[in-house]
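Subject: A structure for you to explore

Hi there,

Here is the structure I promised to pass on. Please open it and have a look around before you read my notes.

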Amino acid sequence: MKPLLFTLFSDGSLLENISKKLDTNITPITLHQFPDEETYIKIDADLKNQDCVIFDSLDRPNNKLLPLIFLAETLRDLGARQVGLVAPYLSYMRQDKRFHPGEGITSKYFSNLLSNYFNWLITVDPHLHRVKSLTEIYSIPTTVVHAIDNISNWIKRHVDKPLLIGPDIESKQWVEQIANNIQVPCLILEKIRYSDHEVEISAPEIERYKTYTPILVDDIISTAKTMIETVKQLKKLNTQPPICIGIHAIFAANAYDELFKAGVSDIVTCNTIFHPSNKIDLADVILNELKHYLKWKEIP
Ligand code: R5P
C-alpha cells in the first residue's frame with residue numbers, strides 16, 4: 001500500500017518533488033479555526049492500517065506545534081499504522097543546556113513532546129553541537145539526512161576556484177567535509193555572539209587566496225548577522241564579493257535583504273524551508289531514508 005502524505009504548513013519544491021517521486025498526492029486536511037482560535041480538524045480518507053507521513057518544516061515552530069500534534073493524533077485515532085514526521089528543519093536545537101541559572105533546556109522539552117506523538121522522525125542537518133546525536137534527546141527512531149553532497153555538487157557546478165569559509169567553529173563540521181569532497185581550501189573563523197543581533201567575527205587570513213571566490217557556508221541563516229559580519233570582514237580585505245550558502249533559510253524579519261545589501265554576489269540555500277533563495281534540492285536524499293521507514297518497495 002502506498003504511504004499517505006500530509007502537510008499542514010508546507011509548500012515549495014521539496015514537498016512537490018517528494019510527492020512526485022512517491023507518486024502520491026498530498027491527502028487533503030480540513031482545518032478550521034473557530035472564533036475563539038481553537039482548531040477543528042477533519043480527514044476524509046481511509047486511514048486503516050495506512051503508513052502516514054507528515055511533512056512540515058519546524059521553523060517558526062510555536063504556532064505549528066498544536067495543529068501538528070492534533071493531526072498526528074487524528075491519524076492514529078482513525079486507524080493509521082504509523083505516523084512519521086519529515087521535518088526538514090528541526091527547531092529548538094540550540095538551547096541544549098542551561099547556559100545561565102534558571103533557564104529551561106527547551107531542546108529537551110521539545111524532543112520529549114515530538115517523541116510522544118510520532119513513530120519516527122527524519123530531518124536534515126539539525127544543529128548538533130553539544131548534543132552529538134538526536135538519540136540523546138529523542139526516544140523515537142530518528143534519521144539525520146545530510147546536505148553536504150548536494151551542496152558540494154552545487155559549488156562544483158557553479159563556482160570557479162572556491163574558497164570555503166565557515167564563520168564559526170560550529171560550521172566546521174559542514175565546511176571541512178564539503179572542502180574535502182571537492183578538494184578546495186577552507187578557513188574556519190571565530191565568532192562571539194553578544195546578543196540575538198550582535199555578533200563579532202574574526203578576520204580571515206586570506207592573503208594567499210586573493211584570486212579565489214569566497215563561499216560562506218553555515219547551517220542556519222536566521223538574523224543573518226553571522227553572515228553579514230563575515231562579509232564585512234571580507235570587504236575590508238578587498239576580496240571578490242562572496243556567495244553565501246545556508247542549509248536552512250530561516251531569514252528572520254529583513255535578514256534576506258540586509259544580507260544582499262551587505263554586498264554578496266548570491267545567496268543560495270537548500271530547500272528545507274521554502275524561500276526564494278532555495279537552489280539546492282534535497283528530495284533524493286530524504287527519499288532514500290523514507291524508504292527505510294516505509295518499507296515500500298516501489299519507491300524509486
Ligand atoms: C549557530 O551557531 C548557527 O550555526 C548559525 O551560525 C546561527 O544560527 C546563525 O544565526 P544568525 O543568522 O542569526 O546570525
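Below is what turned up, starting with the ligand and ending with the salt bridges.

First, please keep in mind that this is a predicted model.

Which residues come nearest to the ligand? There are 15 residues around it, and E170, D218, D219, T223 and T226 come nearest. Sorted by class, the shell holds eight charged, four polar and three nonpolar residues.

- T226 has a side-chain N or O atom 2.5 Å from a ligand oxygen.
- S222 uses a backbone N or O atom, at 2.8 Å from a ligand oxygen.
- K191 places a polar side-chain atom 3.0 Å from a ligand oxygen.

How much of the ligand does the protein bury? Taken alone, the ligand exposes 380 Å², and the protein buries 95% of that.

Now for the salt bridges. Side chains of opposite charge can pair when their charged atoms come close. Searching the whole structure gives 13 salt bridges. One to find on your screen joins the side chains of D284 and K21, with 2.5 Å from N to O. This pair links distant parts of the chain, as D284 sits in helix α8 (residues 283-294) and K21 in helix α1 (residues 13-22), 263 residues apart.

Enjoy exploring!

Best wishes

Terms used. Residues are numbered from 1 along each chain as its sequence is written. This is a predicted model: local features need pLDDT of at least 70, side-chain atom pairs count only at pLDDT 80 or more; totals for chains, interfaces and linings use all residues. Side-chain values use heavy atoms; hydrogens and water are left out. A residue is near a molecule or strand if one of its heavy atoms lies within 4 Å of it. A polar contact is a pair of N or O atoms within 3.5 Å; within protein, one must be able to donate a hydrogen and the other to accept it, and residues adjacent in sequence count only if both atoms are side-chain atoms. Accessible areas come from the Shrake-Rupley method with a 1.4 Å probe; for residues, only the protein chains shown count as cover. Ala, Val, Leu, Ile, Met, Phe, Trp, Tyr, Cys and Pro count as nonpolar, Asp, Glu, Lys and Arg as charged, and the others, Gly among them, as polar. A salt bridge is a side-chain nitrogen of Lys or Arg within 4 Å of a carboxyl oxygen of Asp or Glu. Helices (H or I, at least four residues) and strands (E, at least two) are DSSP runs, numbered from the N terminus.
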